[in-house]
Amino acid sequence: MPVEPPPTNWAFPDPRGADPNGLLAVGADLEPATLLAAYRNACFPMPVRGSQIGWWSPDPRGVVPLDGLRLTRSLRRSLRRYEIRVDTCFDQVVASCADPGRPHGWINDDIAAAYRILHTLGWAHSVETWDAEDEILAGGLYGVSIGGLFAGESMFHLRTDASKVALVALVDLLRTDGIAGRLLDVQWVTPHLATLGAVEVSMTQYLDLLEVALRVPQPPW
């Protein structure tokens, strides 16, 4: 079971008060308790203005309904190509997501270190797509699991469909025990995520979903 850290000294504002870009607040820290409080308050960190921490709560919010995942024929073929592993190389997944050569990169050393600590405490997880033939990490994702909430942070791929396969595997993991109320948060709906069934919900809807999800037991990682 995850280890609950001592409470944070920071209080987050109402998540419905974000600006049109989704920015809710600036400042605070990246301590484990602060991060957990943020997710429980419907927001998440991304740097702004250099190294300052921004706390974001976009409206509408992107989610992937666990019963609404879309699998194309080519993606179904890719599912047979890769092997799925969980939490075997968390740091490598984060480092790959943080590759400075990727466009719009935002994961800096402070972010990576903060999520490494969350992982050590049992709150952050990686879902990894391995090329079984060549035995390489072909893609993956990482995020934060609190009760029935999985807040996806970033994903990457080095081979075709590898990040999509990781997301499919994550949905399967969240559905394994059949418990209703789990929530897969993907922050914003990108064209990439939309092809997999991601949809937008209003902040009001998201808060209702989050309230239910936080009461649901942790998935069996």
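**Close-up views of a predicted model**

**View 1. The largest pocket holds about 700 Å³ of space.** β8 supplies the largest share of the lining, six residues. Altogether 27 residues line this pocket, and Arg102, Glu153, Ser154, Met155 and Thr190 lie nearest its centre. Sorted by class, the lining has 15 nonpolar, nine polar and three charged residues. Here Ala, Val, Leu, Ile, Met, Phe, Trp, Tyr, Cys and Pro are nonpolar, Asp, Glu, Lys and Arg are charged, and the others, Gly among them, are polar. A pocket is an open set of points on a 1 Å grid over the protein atoms alone, where a 1.4 Å probe fits and protein lies on both sides within 12 Å along at least five of seven lines; lining residues have an atom within 4 Å of a point. Its volume is the space filled by probe spheres set on the points, which are joined across faces, edges and corners.

A note for all views: this is a predicted model, in which local features need pLDDT of at least 70 and side-chain atom pairs count only at pLDDT 80 or more, while totals for chains, interfaces and linings use all residues. Residues are numbered from 1 along each chain as its sequence is written, and side-chain values use heavy atoms, with hydrogens and water left out.

**View 2. The whole chain has seven helices and 10 strands.** The radius of gyration is 17 Å, close to the 17 Å that the globule rule gives for 221 residues, so the chain is as compact as a globular protein of that length. That radius is taken over C-alpha atoms, and the rule is 2.2 Å times the number of residues to the power 0.38. Helices (H or I, at least four residues) and strands (E, at least two) are DSSP runs, numbered from the N terminus. Along its principal axes, the C-alpha trace spans about 50 × 35 × 35 Å. Of the 221 residues, 48% are buried; buried means under 20% relative accessible area, exposed over 50%, and partly exposed in between (1.4 Å probe, protein chains only).

**View 3. Threonine 129 sits in strand β6 (residues 124-131).** With a relative accessible area of 0%, threonine 129 is buried.

**View 4. Aspartate 59 and proline 60 are joined by a cis peptide bond.** Omega is about 10 degrees. Proline 60 belongs to the loop between β3 (52-56) and β4 (61-63).

**View 5. Aspartate 87 and glutamine 187 both have a positive phi.** For aspartate 87, which is not a glycine, phi is near 60 degrees. Aspartate 87 is in the loop between β5 (82-86) and α3 (90-97), and is partly exposed at a relative accessible area of 26%. Glutamine 187, also not a glycine, has a phi of about 70 degrees. Glutamine 187 lies in strand β9 and counts as buried at 6% relative accessibility.

**View 6. Methionine 1 is found in the segment before β1 (23-26).** Methionine 1 is exposed, with a relative accessible area of 88%.
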